[in-house]
Amino acid sequence: MLASCTATENTQCECDSGYFFWGVHGVCAPCSKCTRGEGAVRECGPKGDTLCQICGPGTFSEELRTTKPCQVCAKCSDSEVEIRACLPNSDTLCMDKQLDILSRPVDGTSDASRWPILEDVTKVEASPTPGTPKFTPQDESGSNNILAYVSVLAAVVLGLFIYVGYKCWRSCKQKRALSKARAAELSASPEGEKLQSDSGVFVDSHSLHDNQTSKGTNRDSKQDNRLYINLPPHRQEEVEHLLQEGGGRGWRQVGAALGYEPEQLDLFGHGEAPARTLLSNWAQKEGSTLGSLCSVLARVERPDVVAALNRPGQGVSLV
């Protein structure tokens, strides 16, 4: 409030600090602030909002949001060298000419005669061609230091590429081994034989063999010399299902008892049916009989799987 209400005049008001009168809407609005690299050429007040303008040559503004005008750029003294010229959003960057950090001797002793200072170099050297940059020992040391940093960075990037390539190669190797195991599973010989006769009868020879065996004396499962690969498909699926759902004594324990290494079992575990992959791979080996498999199953305490292997077959199926 500028003036109180009187008998002849109404109360006189003006916008508070940080606000200006927005005549279009008749309200006091917050003053705008200039961004970095801009300065205020007109302060916010009764005349209106803040008026910003990009800082011209010789001026700068480093503040993100300000209502101040652009500042005058600093100038390097005679004992300093200009590293970066003044920009609209940053002041001039200067460095002491006597700064000799990069060229300091390794043993820590000071050797003034080793690196001449900038004034001596400029006095001894002849004037270079106009427009040609002049390099001092300090500049050369700085360049070597930058090259060392770039070399280290390149070595780190190269190491990352090598590591990623190694991981991809190992993953591809595991996938190839898994695909070979699956191919061995798919290449198992089909069960049963189609008799070459006009009757069109399909005889499951292994089911007949199971029936003949079950009708005789009770045969010891450990002495069963039949190959697992010749077991009927539905019987193999039943055994694989039991081992897949075995929990603590499942296919992994059976694989370890069969002589597989943990790395091979981990590779089988990446597939959708590890029990099927394990038994298919084992069936390709010599001596993969039902007797040896029953012995392993008895060792890991899986009598249910042993019973499934010795269950009588269904005989002949007609088509």
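Here are legends for a set of close-up views of this predicted model.

Residue numbers start at 1 along each chain as its sequence is written, and side-chain values use heavy atoms, with hydrogens and water left out. As the model is predicted, local features need pLDDT of at least 70 and side-chain atom pairs count only at pLDDT 80 or more, while totals for chains, interfaces and linings use all residues.

**View 1. The Cys-31 to Cys-44 disulfide, with its sulfurs 1.9 Å apart.**
A disulfide here is a pair of cysteine sulfur atoms within 2.5 Å, and by that rule the count is six. Helices (H or I, at least four residues) and strands (E, at least two) are DSSP runs, numbered from the N terminus. Cys-31 sits in the loop between β2 (27-30) and β3 (38-42), and Cys-44 in the loop between β3 and β4 (51-54), so this pair ties together parts that are 13 residues apart in sequence. The link is left-handed, at -70 degrees about the S-S bond. For burial, we call a residue buried under 20% relative accessible area, exposed over 50%, and partly exposed in between (1.4 Å probe, protein chains only). Cys-31 comes out buried at 15%, whereas Cys-44 is partly exposed at 23%.

**View 2. Cys-34 and Cys-52, a disulfide with sulfur atoms 2.0 Å apart.**
This pair links distant parts of the chain: Cys-34 is in the loop between β2 and β3, Cys-52 is in strand β4, and 18 residues separate them. Cys-34 is buried, with a relative accessible area of 0%; Cys-52 is partly exposed at 29%.

**View 3. The Cys-76 to Cys-94 disulfide, S to S 1.8 Å.**
Cys-76 belongs to the loop between β6 (71-72) and β7 (80-84) and Cys-94 to strand β8 (residues 93-96), so the bond ties together parts that are 18 residues apart in sequence. The link is left-handed as well, with -85 degrees about the S-S bond. Both ends count as partly exposed: Cys-76 has a relative accessible area of 22% and Cys-94 has 26%.

**View 4. Cys-168, a cysteine in no disulfide.**
Number the bonded cysteines of the protein chain in sequence order and the pairing reads 1-2, 3-5, 4-6, 7-8, 9-11, 10-12. Cys-168 is in none of these bonds; the nearest cysteine sulfur, that of Cys-172, is 6.6 Å away. At 44% relative accessibility, Cys-168 is partly exposed.

**View 5. A nonpolar surface patch made by Val-81, Ile-83, Leu-93, Met-95 and Leu-99.**
Patch members have over 30% relative accessible area and no salt bridge; like charges are joined within 9 Å, nonpolar side chains (Val, Leu, Ile, Met, Phe, Trp, Tyr) within 5 Å. Together the five residues have about 390 Å² of accessible area, worked out by the Shrake-Rupley method with a 1.4 Å probe, where only the protein chains shown count as cover for residues. β7 and β8 each supply at least two residues of the patch. Met-95, in strand β8, is partly exposed at 33%.

**View 6. Residues 146-166, annotated in UniProt as "transmembrane region".**
The annotation comes from an unreviewed entry; its positions follow the numbering used here, feature names are shortened, and annotations may be inferred rather than shown by experiment. In the model the span is 100% helix and 0% strand, with its end C-alpha atoms 30 Å apart.

**View 7. Helix α8 (290-299) and the residues on either side of it.**
Thr-289 is in the loop between α7 (274-283) and α8, and is buried at 15%. Leaving aside neighbours within four places in sequence, Thr-289 is in contact (heavy atoms within 4.5 Å) with Asp-224, Asn-225, Arg-226, Leu-227, Tyr-228 and Trp-282. In α8 itself, the buried residues are Leu-290, Gly-291, Leu-293, Cys-294, Val-296 and Leu-297. Their cover includes α4 (233-244), α5 (251-257), α7 and α9 (303-309). Just after α8, Glu-301 takes a positive phi of about 60 degrees, although Glu-301 is not a glycine. Glu-301 lies in the loop between α8 and α9 and is exposed, with a relative accessible area of 51%.

Terms used. A salt bridge is a side-chain nitrogen of Lys or Arg within 4 Å of a carboxyl oxygen of Asp or Glu.
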